[in-house]
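Q: Please take me through one contact in this model, step by step. Then show me what lies elsewhere, so that I can set it in context.

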Amino acid sequence: MTVFPTDGVTLILAIPAASAALLGLLPGYRLSARLNVLACLLTFLAALSLFIEKPAPGPFILIDDLNIVFIVLNTFVGFTTSVFSASYIAHELETGRLTPLHLRFYHAMYQALLFSMNLALVANNIGLMWVAIEMATLTTVLMVGIYRTHEAIEAAWKYFILGSVGIALALFGTILVYMAARPAVGEGLDGMVWTVLMARVAAFDPALLNVAFVFLMLGYGTKVGLVPLHAWLPDAHAEGPTPISAVLSGLLLNVALYAVLRFKLLLAANPGAIAPGPLMATLGLVSLIFAGFMLYKRRDIKRMFAYSSIEHMGIIAFAFGMGGPLANFAGLLHMTMHSLTKSAIFFAVGHIAQVTGTQKIADIRGLTASHPELGWSLVIGVVAIGGMPPFGIFMSEFLVVSSTFAREPLLAIPLVGGLLIAFGALFFHLQRLAFGAPSARSVPAPTSRQASHLPMIAHFALVLMAGLYLPPPLVAWFQHVAGLLG
Amino acid sequence: MAPMIPASPAFALSCVGALLAIAVLAIPGGRLRDAAPVVYGACLATSLVALGGALICLLAGPPASNVVLPLGLPWVGAHFRIDALAAFFLAVVNLGAVAASLYGIGYGRHESEPQRVLPFFPAFLAGMNLVVLADDAFSFLLAWEFMSLASWALVMAHHREGDNARAGYVYIVMASFGTLALLLAFGLLAGPEGGYAFAAIRAHGASAPSAALVLGLVLLGAGSKAGLAPLHVWLPLAHPAAPSHVSALMSGVMTKVAVYGFIRIVFDLLGPQAWWWGLPVLAAGGGSAVLGVLYALMQNDLKRVLAYSTIENIGLIFVGLGLTIAFEANGFHAAAALALTAALFHVFNHALFKSILFFGAGAVLTATGERQMDRLGGLIHKMPLTSFLVLIACAAISALPPLNGFASEWLVFQAILLSPQLPQWGLKLLIPAVGALLALSAALAAACFVRVFGIVFLGRPRSQQARDAHEVDRWSISAMAMLAALCVIAGVLPGFMIDSIASVVDALTGARMPAQASLQWLSIVPVAESRSSYNGLLVFAFIAASASLAAYAIHRLASQAVRRAPAWDCGFPDPSPSTQYSAESFSQPIQRVFGSYVFKASERIDMPAPGDMRPARIKVELRDLAWELIYAPIAQAVSFTAERLNRLQFLTIRVYLSLVFFALVTLLLALAVWP
Amino acid sequence: MIFDLAIQNAQMLLVLALAPLLTGFIRKVKARLLRRQGPPLLQPYRDLLRLLRKEAVLAENASWLFRVIPYLIFAATWVAASLVPTFAAGLMFNWSADLIAVIALLGSARFFLALAGMDAGTSFGGIGSSREMMIATLAEPATIMIVFTLALLAGSTQLSVVAGFMLSPAVGLRVSLGLALVALVMVAIAENARIPIDNPATHLELTMVHEAMLLEYSGRHLAVIELAASLKLLLYMSLIACVFIPWGQAQPGGGASAQMIGVAAYIAKLAAGGVLLALFETAVAKMRVFRVSDFLGAALMLGLLGTLLLFVSRSL
Amino acid sequence: MGRLEFDVAHLLAGGLVLMSFMLLYQDRLFALLNVFALQAVVLALSVSWQAYVQGAPHLYVTAAIALVFKAIVIPVALHRIIVRLGIHREVENVVGVGPTMLAGMGLVALSMVVMLRVTADAYPLAREDLAFALSVVLLGLLMMVTRNNAVSQIVGFMSLENGLILAATGAKGMPLVVEISVAFSVLIAFIVIGTLLFRIRERFDTVDADALDRFRGGQR
């Protein structure tokens, strides 16, 4: 057993780490933007190679069926977002919102963020995972505040403080897991290694595990953005650069959710521990309904979609909380679809904010008339995120709702209510944004606009395909993982 | 995969595929100059082919094969099947599609932003076809929601006009509500293991309480799409907002797809019915029939009148379905067959005449740019063909013999007359009341369409636009003429229609009405000749003969001199067209009679004192009780909650931290008290 | 077969011939009740002939529909009238339409008459059409309810069968039937624009309903419409007679003598009905238009009550 | 483990909880900082004791960090910030001291109850330690929630973190403890620097972003 398996895993960690250092040193944003894209592409390819050759688990690194889905999704969205970010950031530079120095910092941080997320995903050690997630939080804090406007700083500060508390709680949970494991596993490194923990969890002290899960659920749940721990999320999405919003919504939330899922697995395998499902389902339901209501009064378009992310994280948490093969499958599918869709929406929203020069919903009108491509992209995005066919989220919501109703009819009613409330809110805003007479304000579109639509189109195409046809290998994979999740 | 004979699901699916391909091609092509005729022409051809296939299925018996595509839910696959029921509804859908496409070839030229219509029109057609074809819950709901989505896009096509955005919003939310209700219903039907294929659901069956729950959910889901009161609020907003040929499809066909959904789930998937299921269906149907037409009478917007009238007709159809449930649950299969035949016949009929009426409204809109009835008038002189065809549709929808509307309504009444044999008291009391409601709604419908035709086409023009009107193009006329001819044929020879529906009815109720085609003189006999019979052909012949005989005799034997003179008007002629009765004044007596109950109508009259030169004014306020009692409170509650919760967006970090803190303490407390 | 056809044709011609006479008879009786001399019995025929010979004056705005409608109204009413058994039951074409269809045929006539009222684009025509349709919205359901009552009793909506059932001893004395009779009379009064709903003799603009729709008609058109109106009155009387006092009707298969008896009985019934109507009309005053809804609402309620009673009593 | 080791560890952990209560009791910022420094010293003692007992020399690093960084550097830095930014020198309570103390008692009781369910057989010190650590964590959070000024909230957070370190060192043989304590020190340093940079005088929410620009020399 080597300490670090070679090949794919090393690459998906080394490439971002190295390029973070390199990009931090390089001046000139064009080159660094391209390098950024290239590095992300290479990382994505490396992640794909994991399908072919799966390294054996080591004390720090683990690639199993659960996290490989996350890793590939993570690197893919990281890559497409970097393509989007290249044109987005160029425009920000033109309008003078960012300086070249900021950009150098931005690109380095972008890679650092990818690195820490990948690390969190591949970590076979709960301590290492905690460290990686803390790192990811810190890098995103820095990026959220990059515009240095009053609101941006405030958002970053809020994120930082709430995140720190969340991290502290998660650490306490981690320590408790170790404490619970020690009598069964013994002292030292083994007490924090997933594979070992999973193998022997049945002998752990259930009471300690319960307390640990409460802390982990709340600690990592803060990162997932579950209500009532969500407060940082809307502001951080709204005030940071849009590529970061896309990454936050599409990836970081997933990574935190991944951590929660891991610990859920642990608890599920211990016969004496409480079932973690009801807690997750409750938090998910509360998040869904709360976010649904919050969507109505939003004035900022990015903040609105941030609340939509909370809503969907709620659905996913609910699905995993319900458990069972159908709901778990739906949860995985929903998570994947939400990542793709939400990041695509943020791509569209980023350009919309650039061409209209505002993020205020009240100032954006009639996009399908003034900017047909962006307007219809937004329509497609909202239609997809609202759970309408033929997009993938429809399938996952179909499975979640129908399987819940067959098992727990009383839970399905608030679920459906929440879905409807959120749907109503999204379309309430969409209709004003996309239809009607266009607002007068409009600035010229960014120069390199054409290229930047590609990531969005790619995401929508994937989501559309998933809504109609899921490739059998993917299905088998999801089903296997759903079975693992219990 | 089944061979590609025209009567197989694979054939129908390839038609759907062709429609989708047209939709995709229309996205880039929609901006081209002559795109509209090409797109509508392609839709017309495809729908014709699909219609042919559906008719073969219906008349020659449905194919046994079904198609499973590796799409949709991976472990279920996308199942498609055509049985008799599906074949009938496919025929209705594609007949409407043929007419709308034909109409669109002409009407589409006047579209200001064709790129907002052309891609969605074929997609909408494809969605409706798919709903009917689907044989598993996922495909069904996917197609259902896709249909809603495409029609929403069409409703939003004229997004800059007044209230259309609101219409689209209410529509999409209600559509989503309906889909979620159906989703829950399917969740119950499929069970926790997720047997989503219809075959599995049939085999699985549902327990009594959950079956009742499913019925309720289906009434909500399919009922909201069909426009049953009080779930109808979106319909009169959304249907008029779309371009007219789309309105025709939405009103004439999409509501029927909803009826199909109801029949499919309740009669096919749900297993044996309980007698009391008939009660809510009958009540909803009867209520919708009367409310719909009363609202229609109060409207001034031509297309909105038609949309409300759709609610009435849907009510009639649901009464038929409710009767079917009541009979079927009690084992009166023949009576059930009669009621179901009546309902399905009306499905077909309403698709015909409502399409003509919306086409006519579209023609009027093209010719004058006006939808407000009070700005129209006298169009019969400028648009003779249109007005003649619309007159036929008006007569048909008013259930006048010998047209088709009467034939189906007559069958419903015959079914009602069979109901005293039902043993349950609830039904005994409800059904006559529903019969009275239906009779009331039929009479009100006649009033409504006298009003429509009289105000819009007769009298003197009330505006310059109406004065400058002109006849519309040949395509539009031919679409209306085709449907009008069908109205007459179906009314004169109802026996053929009943016979072709018989296989559908047989499959669902296990009985059929007596075969009608072999009867003497082509009359129709629901149960037995001594009970009742009706012969559309003879009535038609009698009327035609006696009218022409009288006309001939008088013109031959008496005078045929004609002189034109100013209207006499009892000695008070007034040249101003505004002295004519307006749409509102026409309906005022009826509003006085029914309005205070149904609309909480209030009239405020401002009558100046003698000598005062101010004009007298009357202001009538009507309130939509469904909106006020159900929707407005919900909207207010949501808004109120959102407003209250929104304060949580503007708290200090400390308060957010305390949220975390309380969550932690609560969970720890829960752990501490956990047994 | 030929005999049946002859009977059918005889009935059609008979109703056509008798209709103006009935109108004239009622006028005469009314005049006598008011101590007036009154017009001669045959005056309606003379009016019709005079109108037929005159030229027709059309309003400038009148459309083709305006000229077609009189014949449509006449045809629909005539067909309806010929479907109601008058002196003989079981007519040849009776089965081609039942009672519901007869009602609907009259509905057609009204539909087109109301359209005609609106065609010229005058204010009074609109008033007439609007009020007529309002009255119809209440009268028609009431009629349907009466039909339900009869059909439930007789197990058929075919008039011949209903009449046959009424002759049979199975009827007995039933509350429902009484209610139906009262309702049917009320409806008939309303439908035929008689006092207290409408006054066929007035042209006072604010009170008229039926006449308002005819204001623009003249010459042969007016004649045809007047004839149709007379036919309608005759039809309702025949209907009441056929359903509630079917005695004396010739039964199918009855010979020529039975037919003669039937005709005599029929004319006697019509005369009695005419006298009763005239008596009623002279005894009451016309009501305001908006009271009509109460009047007809009562008819509707009676009809519904009759049906409900039957539905309920069926199982007892 | 002998009786003495257990008693000393117990005493020191209890001392930490006591210090947390004292933190809650303070109404002057400077006094608060002094008490916090005292808590850090107790923590350092506790950690060293654990290092000694467990025979884990690397824990002395953690103890040293606690002593140098938390007992000296941070209090001094915060002291200076208070002076430099002219911060109001009283602790602003949202909830009065009395109720806070009562709530604190409740929290300690809660942590005892929660931890009592843990099976006692394995390692009694761990269980007691955990109960105390949980108390310190909850009390720190309580302080963050009930105190209004930024400095006292920072102090609350740091005392929360002291609880974490206590738990981590109490968990015998736990890897990465030193790294975690370093990481947390970095985090706290960030917070303190942030407070200075954004001129957060009174509340966490009153960010003064212009100050940041002035600090960076106004470049834009």
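A: Keep in mind that this model is predicted. Start inside chain B, with helices α3(B) and α13(B). On the α3(B) side, the contact is made by F88(B), V92(B), L95(B), G96(B), A99(B), A100(B), Y103(B) and Y107(B). The α13(B) side brings L344(B), V347(B), F348(B), A351(B), S355(B), F359(B), G362(B) and T366(B). What kinds of residue are these? Twelve nonpolar and four polar residues form this contact, and no charged ones.

Now find the two helices. Helix α3(B) covers residues 84–107, and helix α13(B) covers residues 333–368. Their axes come within 10 Å and cross at roughly 10°. An angle under 35 degrees counts as roughly parallel. So α3(B) and α13(B) are roughly parallel to each other.

Next, step across to another chain. Helix α17(B), residues 425–456, packs against helix α4(C), residues 99–119. Here the axes are 9 Å apart, and the angle is about 30°. Therefore α17(B) and α4(C) are also roughly parallel to each other. Their crossing is right-handed. Which residues meet? From α17(B) come A446(B), V450(B), F453(B) and G454(B). From α4(C) come G107(C), F111(C), A114(C), L115(C) and M118(C). The residues of this contact divide into seven nonpolar and two polar, with no charged ones.

Chain B also touches chain A. The contact takes 49 residues from chain B and 50 residues from chain A. Four helices of chain B each supply at least two residues of its side: α5 (137–155), α6 (164–190), α23 (625–646) and α24 (653–673). The largest share, 14 residues, comes from α6(B). By class, the chain B side has 35 nonpolar, 11 polar and three charged residues.

I71(A) sits in helix α3 of that chain, residues 65–94. Is I71(A) buried or exposed? I71(A) counts as buried, because it has 25 C-beta neighbours inside 10 Å. A residue needs 20 or more to be called buried. Leaving out residues up to four places away in sequence, I71(A) touches I12(A), A47(A), L50(A), N118(A), L121(A) and V122(A). Take V122(A) as one of these partners. V122(A) lies 51 residues from I71(A) along the chain, but their C-alpha atoms are separated by 7.8 Å.

How values were computed
Residues numbered from 1 in each chain as written. Chains lettered and ligands numbered in written order. Predicted model: local features only at pLDDT ≥ 70, side-chain atom pairs only at ≥ 80, totals over all residues. Axes fitted to C-alpha atoms, helices over the stretch in contact; angles between N-to-C directions. Parallel < 35°, antiparallel > 145°, perpendicular 65-115°, else oblique. Contact = placed C-beta atoms within 7 Å. Nonpolar A, V, L, I, M, F, W, Y, C, P; charged D, E, K, R; others polar. Buried ≥ 20, exposed ≤ 12 C-beta atoms within 10 Å, placed from the backbone. Left-handed = near helix turned anticlockwise from the far one by under 90°.
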